[in-house]
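This report describes the packing and the surface of one chain, beginning with a single residue and widening from there.

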Amino acid sequence: MNFSLTAFQWPPFITGLLAMLVVLAFGLLAVRNVSTAVPSGAQNLLESALETFQDLVGQMAPKELAPNLTLLSLTLFLLLVVANVLGLLPLPGIGTRWIHSPTAFLSMPAGLAIVIFLLIQWSGIKYKGLGGFLIGWFWKPIPVFGFIVNALEQLVMPVSLAFRLFGNILAGELVLRMTTNLPHDAAGWLVVVLVGTLWLVFSLVISLIQALIFTILTVAYMSIQASSEH
């Protein structure tokens, strides 16, 4: 497993593209034959997810930010769910029996966190103006010294987002692979089936939770930055 943030890595690049293609295909499938009657299939699933995120974002974000943030959060959540789950599927890999999730490599969570950090700053400038944004950085909560406080707070955001996602997904994959590498005698197979299945279900739940946490924190950070009270 490569923890580098600078070296180019093919596995997360390929699986990251695969995750994006899956999300894109799902979106195209959902809107291919849009029905104004009672929706079904992929359209029903997408509309339900969209309504859920509309309610979630509407409770947290300023009214003018909510529409764009709803679409961003839904897309981000779907991408992370697919990316997190890829490493739990017995898909053929290169030199390995299973492929890794792109989020099990530090480069992808770190890249996403950097993009989110830039979007957070953009939301502050767009909805408070450059003057209000700079006042928030340098004058709140303590005049002059507020910059140090805010700089630390803003820098911790992407770091915590990246390492929380990376650590949980990597740990889940490592334990799952440890169970599949047990001795393949009768007792070993029994342990592999029982422990492996339980851990697979647990890892699936963790994958969904981590995708949701990353998304909710993104919504919260952007909403706070866009708020005039911050």
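## A residue in the core

Leaving aside neighbours within four places in sequence, Phe-214 is in contact (heavy atoms within 4.5 Å) with Leu-76, Leu-80, Leu-112, Ala-113, Ile-116, Leu-161 and Leu-165. Together with Leu-69 and Leu-80, Phe-214 has the most contacts inside the largest nonpolar core, a set of 39 residues; such a core joins buried Ala, Val, Leu, Ile, Met, Phe, Trp, Tyr and Cys residues through side-chain atoms within 4.5 Å, where buried means under 20% relative accessible area with a 1.4 Å probe and protein chains only. At least two residues of this core come from each of α1 (10–32), α2 (41–60), α3 (66–86), α4, α5 and α6 (186–226), and α3 gives the largest share, 12 residues.

## Basis of the model

The model is predicted, and local features need pLDDT of at least 70, side-chain atom pairs count only at pLDDT 80 or more, while totals for chains, interfaces and linings use all residues. Residues are numbered from 1 along each chain as its sequence is written, and side-chain values use heavy atoms, with hydrogens and water left out.

## The chain overall

The chain has 6 helices and 0 strands, taken as DSSP runs (H or I, at least four residues, for helices; E, at least two, for strands) and numbered from the N terminus. Of its 230 residues, 39% count as buried, and among contacts between residues at least 6 apart in sequence, 70% join residues at least 24 apart.

Terms used: Buried means under 20% relative accessible area, exposed over 50%, partly exposed in between (1.4 Å probe, protein chains only).
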